Amino acid sequence: MKHVCVTDGCPECEIPQMARNTLFDGKIMSAQDFLDEQHYFMGKDRRHNQLLHGWGTVCGLKILEHPNPDCRPQYVVVTAGAAIDCCGREILVRHNAMFDFRAAALEAWKLKNGKTVQPDDQPHRLELVVRYAECPTDPVPAVFEGCGSGEAACLPSKILEGFAFAALLDRPPQDLPANIKELEWECTNNIDHARRLALHEGTDRLYVLTGQSPAILVALDTANKSIQASVSFAGQTGVDVAVSTDGKNVFCVLRPDAGGDAVLRVLDAANLAAPPQPDIAITDADDGEVRLLALSDGRVLAASPENNEVLVFQPDIVTATPTAPTSIAVAGGPVALAIGPLGKFVYIAVGGAAKLVAVKLADLTTVTLDVGTGGTARPSAIAVSQRDNTDLIAVSDKAALALHLFKALPEAANAADRTVNIGAPITGLTDAPVALAFSQGGKWLYLLSEAADGKGSAQIISVDRRAANLTPFMSAATPAGIQPQQIVVDVVGGHVYLAFDGSSAAVDPRIPGGVAIFETGGCDCGDILLKSLDDCPSCQEGDDLVLATIVDYRFGDPLTTQLIDNITGRKLLASTAILTEAIQCLIDCEGGGATEGPQGPPGPQGTPGINGTNGTNGTNGIDGQDGQDGAPGQNGAPGQDGAPGKDGEGLRDDYPRIVGINWPHDGYLAEDGNILDREGIVIAFDPERPILAETLNLQTVQLLFQEAPESHQVGRRYIYTRCYCQVVGRATGLRLEAKCGERFDVPDEDIPLVPGNLVTGVRFRACGADGEYVGEPIPLPQGRYRVVLEGNFILGAEMIEVSDPGNPGEKRKVFPALDGNHFGFGLTDPDPDRRRCPTGDRVEGGRFLSWFTINRDGRPPEEDQ
């Protein structure tokens, strides 16, 4: 194709020409002057692209398999499209192009390994890229210089802006974007040989059990990371620890150094050193691991791989005489237990088979779920969260260095339908996965791994990016001690806790173990805007326009649709049209179409409430039989008439009232060009009863804006609140002539709200944070608003006579409070039979409340019509 260029050099990225030609009659110009003119405008155009738009593929440029199967080992098709490279240069592929990827891959191999080294048969990561290229073209005779002599002298008369395809071999995958998610080390508690962790967020306690004899249980305060209590277990090794959901009891599995059965010990969390209940023997566990899981209903599960069983203890395990546990047989060895927020099933990882066992907690029935394909997976750790109102499962395979993500549907009738994969299994992990933990909501998976030399590391996996087949989906590794053991996530405090054992005693000097504490940072999307304060963007090493990635390419393999990944590694540069469409979709879908998640698991039992009020008296019993009439008594003397009572205050019609507003109560206004942008928020009072201007202020006249919902966790439950906050603004007085049911004119002139001024209206406008206008009043954005007037403190100018509560029977004169109560259907209802105007109930004082909504087009949503 004529626009595919082959060049020996790299076109200049930076064009520093900042001076443009000035033209005048008689000016002598050379070729350099015209080149400067070109460079001036080319530089501005490229800087505009680079600094204001960025770089990436704009449209098209999709890699397709060759239509002829015989050509697929050598060629792919690149569809027409456009891109901007990191220098801001435009790349335009006007027609579909053929790309000899095998030749490009061979060139990349020789560049990396030497020209005489032939490609091996191992899998490689192959990336197909496009680059900007310039092609000298259209040679013409040159007078002074050229490629020949005499009449043959010539030079290219044009530079054709074209493109070139290339291949990159074995570049490491990119890290997660820095603003997505990251771990920030906070501190490390030096608790040597830390082995197992149990977190109780409601009491801010992290329990750490050490492994080496004598085992020690340490209680950490997660708020200040200090040690609050500890207890030592002489002659015993620590195996596992759990805490009850109410935070009152801690369960430890200990193994006697002298041999014999492992024991389950129940401790009082309020006093770890208090004498415990009698130990519960876990018979025949021998030297095998035992894993604990405390349930919200008080039951405790203990998995014993040596016995191929899971023991289910009843809530009375915390008493001196607990009920014998129920045994669930799990062939293949249960190596890990986990339960998710939905709380319906417990999942058991089976170490000797490619499966999980799901236990229904209502009746302890079980069902098997396959892990991976082919039956080769061997689960070693498990974590459970939720996604799409189903259990989300993460299972690691330590031996195969792999990770499986899937949704679990254990109640599906067909065994093949019980798991739905979230992307392909993550294989080829560098280090062996040791432990897993999900963030709240299941968006992030934390992976704790151990290298061959014992060094631990932690990584974050974006479940959403993995589900969408986007890369990168995994962060870079963060160091996490020596011989890592367990990871837990504090969703309330935003911390991750990593237990590590430390190096062996033979290492000199030995590195002790501990608990490393990390803050979960990132996701500060607002900080992205602050990148404008950083250095201007420029080309960096590796800023190639990747069109497609082939993860496991072997030289000579045909490239088919199944192998070509047009998403991984590709940097997209969306046009303003596409961005507008996406933003409009978010607006129309009210925040992207998100729905409320399922109810979380029950929280711990609260403290007893106070006694309730006494019940009402019971109904009267059945009347007894009438007794015999007694003899009539004598009539008494008539009593004297009492003194006449005083007249009550009664209802009055001489209070000031509201007769009009300039917005539709409970209605909708368009964001652009609405009446409030021109006039402000205007309330009209009865002109026959003016108002004292000094009683109108930002305490008595308020505009409130409804903020977005916020979630609050209380224990293990969540509640969502939506608050109205006061809009910063300024109130001014107006002189209006308004009547009920009629539109009124609003003058431009404002009246200061100072003593001595009388007004028949008030105007409110939004302004800057300091209460001042910046140029013009701030127009109100889309949202829901409330207007509130505190009528008890807004006073009329004409005094009235009322009873003096301090001197019964006496009268006094006062400035009457605004009779402001606003009743439905409101002041502005178009139906006069429903309209309630003016405000008030003929009683002094009252609160005026009205609301309205500003949206894109001023029409109510379809569900409100």
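1. A disulfide here is a pair of cysteine sulfur atoms within 2.5 Å. Please keep in mind that this is a predicted model. By that cut-off the structure holds two disulfides.

2. Let me begin with Cys 86 and Cys 539, whose sulfur atoms lie 1.8 Å apart and form a disulfide. The link of Cys 86 and Cys 539 is right-handed, with 105 degrees about the S-S bond. This pair links distant parts of the chain, 453 residues apart: Cys 86 sits in the loop between strand E4 (81-84) and strand E5 (90-93), and Cys 539 in the loop between strand E36 (512-521) and strand E37 (545-553).

3. Cys 539, at 29%, counts as partly exposed.

4. The disulfide of Cys 740 and Cys 837 has an S to S distance of 2.1 Å. Its torsion about the S-S bond is about -80 degrees, so this disulfide is left-handed. Cys 740 belongs to the loop between strand E46 (729-734) and strand E47 (758-759), and Cys 837 to the loop between strand E51 (811-814) and strand E52 (847-855), so the bond ties together parts 97 residues apart in sequence.

5. On accessibility, Cys 740 is partly exposed at 32%, and Cys 837 is partly exposed at 21%.

6. Cys 723 deserves a look too: it is in no disulfide, and the nearest cysteine sulfur, that of Cys 725, is 6.1 Å away. Cys 723 is partly exposed, with a relative accessible area of 40%. Cys 536, at 58%, counts as exposed.

Definitions and conventions:
Residues are numbered from 1 along each chain as its sequence is written. This is a predicted model: local features need pLDDT of at least 70, side-chain atom pairs count only at pLDDT 80 or more; totals for chains, interfaces and linings use all residues. Side-chain values use heavy atoms; hydrogens and water are left out. Helices (H or I, at least four residues) and strands (E, at least two) are DSSP runs, numbered from the N terminus. Buried means under 20% relative accessible area, exposed over 50%, partly exposed in between (1.4 Å probe, protein chains only).
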